[in-house]
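Biologist: I am new to this structure. Please take a close look at the charged side chains that pair up, and then connect that part with the rest.

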Amino acid sequence: MDLHVVLDPRHKVQSLERALRDAIDDGSLAAGTRLPASRALAADLGIARNSVVEAYERLLGEGRLEARVGSGTRVRERIAPSPASALAPVTRSTRFELDLRGGLPDASAFPRSAWLAAMREALAEASSASLGYGPTEGVAPLRAALAEYLARARGVRAQAGDVIVTHGFGELLALVARAIATRGGRRIAVEAYGHVSHREVLEAAGLELVPLAVDAEGVDVARLHDAAVDAVLLTPAHQFPTGVPLSSARRASLAEWAATGGIVIEDDYDGEFRFDGRSIGAFQSLAPDSTVYGGTASKALSPAVGIGWGVVPPMLRDGVLAARRRTGAATDAIGQAALAVLVASGGYDRSVRTLRTRYRARRERFEGLLAEGAPDAKVLGLAAGLHCLLELPEGVREEDVVAAGAERGLRFDGLAAYAADRATASSRPPTMVVGFGAPPDLRFEQAVAAVIASIDAAR
């Protein structure tokens with residue numbers, strides 16, 4: 001290990017000892033950190049090895065270091081008592097032990113063995129050239145694998161050259177928004193309920209937002225024909241967070257609007273996780289020349305993979321790539337190569353099927369437990385994805401349930417938190433957005449019990 005130490009040339013041993021002591025005491029050298037071998041550190045500092053040994057021995061005697069045969073010299077774990085007055089109070093309301101926010105996957109379900117095997121294969125086959133700075137659009141094997149997968153599993157019309165790999169849907173959305181603004185676009189329609197962060201990304205690109213109402217058939221696309229917008233962002237397979245799909249009639253109307261020059265940004269949110277066997281294909285196939293199709297590996301694998309993708313039509317491709325070059329973002333070539341192996345080998349499909357079964361069972365169990373514990377609350381939304389809506393009993397307010405949940409270490413939000421404006425926030429009965437994906441299996445029923453207790457406490 002490298003170690004930065006500034007020595008006083010007149011008092012080398014003392015200054016080395018003091019520098020190490022200060023670094024240990026202020027936490028710069030954390031407990032368990034292995035120090036360089038005395039010979040290596042002496043060579044780096046240009047001093048005698050005996051001087052380093054002497055400094056180490058003094059710190060060993062003080063209990064700041066420990067030496068074990070075969071393990072080297074390490075910073076000792078030291079528990080220093082702190083005055084009670086200096087400790088920040090810890091309350092239940094700040095300890096979110098159970099996270100039921102919408103759209104979060106179960107991190108414990110990450111296919112570690114399959115990912116490790118894919119990473120090993122990718123590295124074993126990687127050429128020296130492939131370990132340099134990668135292409136702006138993403139590595140070729142992943143783009144080819146995604147084009148095949150998306151065509152097969154989601155009905156997307158794409159070739160490898162149409163795919164651009166990003167660091168997630170958020171980055172794709174930002175790049176597309178900038179490309180639209182560069183083309184002269186000024187206004188973009190959004191669903192009246194959706195991710196706050198997505199609306200912030202669009203506004204940061206200089207686009208004016210036009211919210212569209214959402215009902216039992218999905219977003220009201222009829223308004224697009226007279227709203228004077230340049231583009232629309234929507235989640236047609238499983239609207240987030242209301243959980244309804246875009247109806248066939250509205251899909252046709254959306255395609256007609258796109259044919260007049262409008263741009264559709266399709267967030268294929270939860271598109272792979274429908275539980276009733278009636279999978280809804282991507283809208284992109286109805287208007288491939290006008291639709292940016294976006295997806296990520298966050299739900300099927302993990303958000304930590306940090307890889308998303310877009311199938312970008314020719315009219316926007318150069319603008320999106322130019323916007324990405326301007327960000328200075330580098331391609332994660334190794335991670336992308338591993339994902340390419342996983343997709344091509346069928347490992348990605350297996351992960352999707354495994355999680356689909358798991359989340360279907362959780363949705364059914366959630367409905368069963370709510371029917372027993374809170375029969376006057378209604379579970380709403382399509383049997384799909386990682387979340388559902390929970391309409392609260394009459395007289396119970398969203399903010400009271402959120403507060404009661406926080407007291408129980410439970411984190412989730414009311415539907416109003418996802419609304420684009422105040423009118424939308426007050427247009428529906430009090431409703432919670434409940435994600436059933438994140439808790440590990442052993443804590444799932446505990447999380448549902450906390451939901452029921454929070455409703456009872458808010459009555």
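Modeller: Start with a cut-off. A residue is buried under 20% relative accessible area and exposed over 50%; in between, it is partly exposed. Keep in mind that this model is predicted.

Now apply the cut-off. Arg397 has a relative accessibility of 44%, so Arg397 is partly exposed. Glu399 has a value of 46%, so Glu399 is partly exposed too. The side chains of these residues, Glu399 and Arg397, meet in a salt bridge, with 3.3 Å from N to O. Elsewhere, salt bridges with shared partners build a network. Its members are Glu17, Arg21, Asp25, Glu54, Arg58, Glu62 and Arg64. The structure as a whole holds 27 salt bridges.

Why can such pairs form? Side chains of opposite charge can pair when their charged atoms come close.

Look inside the network, pair by pair. Glu62 forms a salt bridge with Arg21, and their closest N and O atoms are 2.6 Å apart. This pair links distant parts of the chain. Glu62 sits in helix H3, residues 49-62, while Arg21 sits in helix H1, residues 12-25. They are 41 residues apart. Arg21 has a relative accessible area of 18%, so Arg21 is buried.

Asp25 and Arg64 join their side chains in a salt bridge, at 3.0 Å from N to O. Asp25 belongs to helix H1, and Arg64 to the loop between H3 and strand E1 (65-68), so this pair ties together parts that are 39 residues apart in sequence. Asp25 has 42% relative accessibility, so Asp25 counts as partly exposed. Arg64 has a relative accessible area of 14%, so Arg64 is buried.

From here, move on to Thr73. Thr73 is part of strand E2, which covers residues 72-75. With a relative accessible area of 14%, Thr73 is buried. What does Thr73 touch, leaving aside neighbours within four places in sequence? Its contacts are Thr33, Arg34, Leu35, Tyr56, Leu65, Glu66 and Ala67.

Turn to the nonpolar side chains. In soluble globular proteins, nonpolar side chains tend to be buried together. The largest nonpolar core here has 64 residues. Leu301, Trp309, Leu339, Tyr348 and Leu390 have the most contacts inside this core. Helix H14, residues 441-458, gives the most to this core: eight residues. Another core, of 26 residues, lies apart from the largest one. Ala181, Ala205, Ile265 and Ala323 are among its members. Back in the largest core, take Leu301. Not counting residues up to four places away in sequence, Leu301 touches Phe110, Pro111, Trp115, Leu339, Leu342, Tyr348 and Ser351.

Some nonpolar side chains form a surface patch instead. Leu123, Leu131 and Ile334 make a nonpolar surface patch of about 260 Å². Ile334 is placed in helix H10, residues 333-345. With 37% relative accessibility, Ile334 is partly exposed.

Last, the strands. They pair through backbone hydrogen bonds, either parallel or antiparallel. Begin with a parallel case. Strand E5, residues 187-191, pairs with E9 in the parallel sense, over three bridges. Within that pairing, Ala189 has Val232 in E9 as its bridge partner. E9 also pairs in the parallel sense with strand E10, residues 263-267, over four bridges. There, Leu233 stands opposite Ile265 of E10. Which way do the side chains of E9, residues 231-234, point? Ala231 and Leu233 point one way, Val232 and Leu234 the other way. All of them are buried.

Then an antiparallel case. Four strands, in the order E13-E14-E17-E16, form an open sheet with antiparallel pairing. Its edges are strand E13 (378-380) and strand E16 (413-414), and each pairs on one side only. E13 meets strand E14, residues 387-391, in the antiparallel sense over three bridges. Leu380 has Leu389 in E14 as its bridge partner.

Key:
Residues are numbered from 1 along each chain as its sequence is written. This is a predicted model: local features need pLDDT of at least 70, side-chain atom pairs count only at pLDDT 80 or more; totals for chains, interfaces and linings use all residues. Side-chain values use heavy atoms; hydrogens and water are left out. A nonpolar core is a set of buried Ala, Val, Leu, Ile, Met, Phe, Trp, Tyr and Cys residues joined through side-chain atoms within 4.5 Å. Buried means under 20% relative accessible area, exposed over 50%, partly exposed in between (1.4 Å probe, protein chains only). Helices (H or I, at least four residues) and strands (E, at least two) are DSSP runs, numbered from the N terminus. Contact means heavy atoms within 4.5 Å. Two strands pair if DSSP finds at least two bridges between them. Patches are made of residues with over 30% relative accessible area and no salt bridge: like charges are joined within 9 Å, nonpolar side chains (Val, Leu, Ile, Met, Phe, Trp, Tyr) within 5 Å. Accessible areas come from the Shrake-Rupley method with a 1.4 Å probe; for residues, only the protein chains shown count as cover. A salt bridge is a side-chain nitrogen of Lys or Arg within 4 Å of a carboxyl oxygen of Asp or Glu.
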